[in-house]
Amino acid sequence: MTKSILHKADSRGQANHGWLVSSHTFSFANYYDPSRIHFGALRVLNDDMVKGGMGFGQHPHDNMEIISIPLEGDLEHKDSMGNVAVIRQGDIQVMSAGTGIYHSEYNHHKDEAVKFLQIWVFPNKKNVTPRYDQITLQNKDSLNQLQQILSPNPEDEGVWIHQDAWFHLGHFEKGKTSHYQLKKPDNGVYAFVLEGDFQINGYDLNRRDGLGLWDLEGFDLKAQSENSKILLMEVPMHI
Amino acid sequence: MKIHNVLVVGKNEAIVALLIKLVNKYPELFALGTCELEEIPTICQISPVDVLLFSSGLCLAEEKDISQKVAQFHSNVKTVEHFGGGSGLLRTELNQALGLILACPE
């Protein structure tokens, strides 16, 4: 029987540091809720806004697969492997922190905010060699269908990570539907509404709501408003 | 207030140093750390250990060996496997290991 957990947008942990406003779906930094630690291998889903000219100074990470998805504005990235890049709306960035990596992330612009999702997935292998990658998505592939943006396979569509995880993005017109079939039976899917409204498995979801589903083979989703956007994150439920 | 002693062990010196600094921001905690596994018995002789915090670079066999070494000196040591290499997950990991809710550091 399908199991589910609903996280309404306004139930997320809030952090306001002035230059950084963040909504945490799962416990992070000063936000702690023992009932909201992770969804399977999905450990962090932060919905961040960084003011113009501001950002995260150099800091380390290890043993985590870190995915950044800009939603508005441009994010500037520098890391200890020598990567310097600007990621924009429509790009996906991935870092395997492995044995350790230092990086900084700044808003590329001085006068406008950057909004982005930062997603951390537990790796299936510890202490891997750190790596960085970014790609630009072809938006034409995502209208009224789900577009794969991440997988475990370097040869597959999108970026890849050290975990049996698949992410898909979809941009739907009102009334359009799609079916998602899970890749692995022990996985679950965390659906996060980026814009608009969706109906999934009897749940009405609004902007920034999250719904976790597991013990199922697949599900249908339906856009309930125009210009609705959703991110589906399929991850192992056992870590 | 009971002070919980945290021993941070990992192979990335900068990350171990950062974790010690972050743990020591909590008034309820006191952290020591090392990247040299042979130093662990000496540290255990001079300091109590309530929590063993594993940072990056250690294989499973090394983690098991470290746990056994610490257990020779101290009992009921809680083990925390730290992920992420910084502040984001640390408080949650420590809260869960200690069964506490640590006050947010300044």
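1. Over all chains, a search of the whole structure finds 14 salt bridges. The model is a predicted one.

2. In chain A, A:Lys115 and A:Glu72 form a salt bridge whose closest N and O atoms are 3.9 Å apart. This pair links distant parts of the chain: A:Lys115 lies in strand β11 (residues 114–121) and A:Glu72 in strand β6 (residues 65–72), 43 residues apart. A:Lys115 has a relative accessible area of 28% and is therefore partly exposed. A:Glu72, at 39% relative accessibility, also counts as partly exposed.

3. A:Arg207 forms a salt bridge with A:Glu195, and their closest N and O atoms are 3.1 Å apart. A:Arg207 sits in the loop between β19 (203–205) and β20 (210–214) of chain A, while A:Glu195 is in strand β17 (residues 187–195), twelve residues apart. A:Arg207 is partly exposed at 42%, and A:Glu195 is partly exposed at 28%. Both belong to a network of salt bridges that also links A:Arg12, A:Asp47 and A:Arg208.

4. In chain B, a salt bridge joins the side chains of B:Lys2 and B:Asp50 (4.0 Å, N to O). B:Lys2 is in the segment before β1 and B:Asp50 in the loop between α2 and β3, 48 residues apart. With a relative accessible area of 52%, B:Lys2 is exposed.

5. Helix α3 of chain B (residues 60–71) has twelve residues, which at 1.5 Å a residue should span 16 Å; its end C-alpha atoms are 16 Å apart, in agreement. Its buried residues are B:Glu62, B:Glu63, B:Ile66 and B:Val70.

6. Strand β13 of chain A (residues 146–151) is mostly covered, with six of its six residues buried. β13(A) runs antiparallel to β15 (residues 166–172), joined by four bridges; A:Leu150 has A:Phe167 as its bridge partner there. With β14 (residues 159–160) the pairing is parallel, over two bridges, and A:Ser151 is partnered by A:Trp160.

7. A:His7 is in strand β1 of chain A (residues 3–7). At 5% relative accessibility, A:His7 counts as buried. Its side chain makes a polar contact of 2.7 Å with that of A:Tyr190. Leaving aside residues up to four places away in sequence, A:His7 touches A:Tyr190, A:Thr25, A:Phe26, A:Arg36, A:Asp209 and A:Gly210.

Methods. Residues numbered from 1 in each chain as written. Chains lettered and ligands numbered in written order. Predicted model: local features only at pLDDT ≥ 70, side-chain atom pairs only at ≥ 80, totals over all residues. Heavy atoms only, no water. Buried < 20%, exposed > 50% of the residue type's maximum accessible area, 1.4 Å probe, protein only. Polar contact = N/O pair within 3.5 Å; in protein donor to acceptor, adjacent residues only side chain to side chain. Contact = heavy atoms within 4.5 Å. Expected span 1.5 Å × (residues − 1). Pairing = 2+ DSSP bridges.
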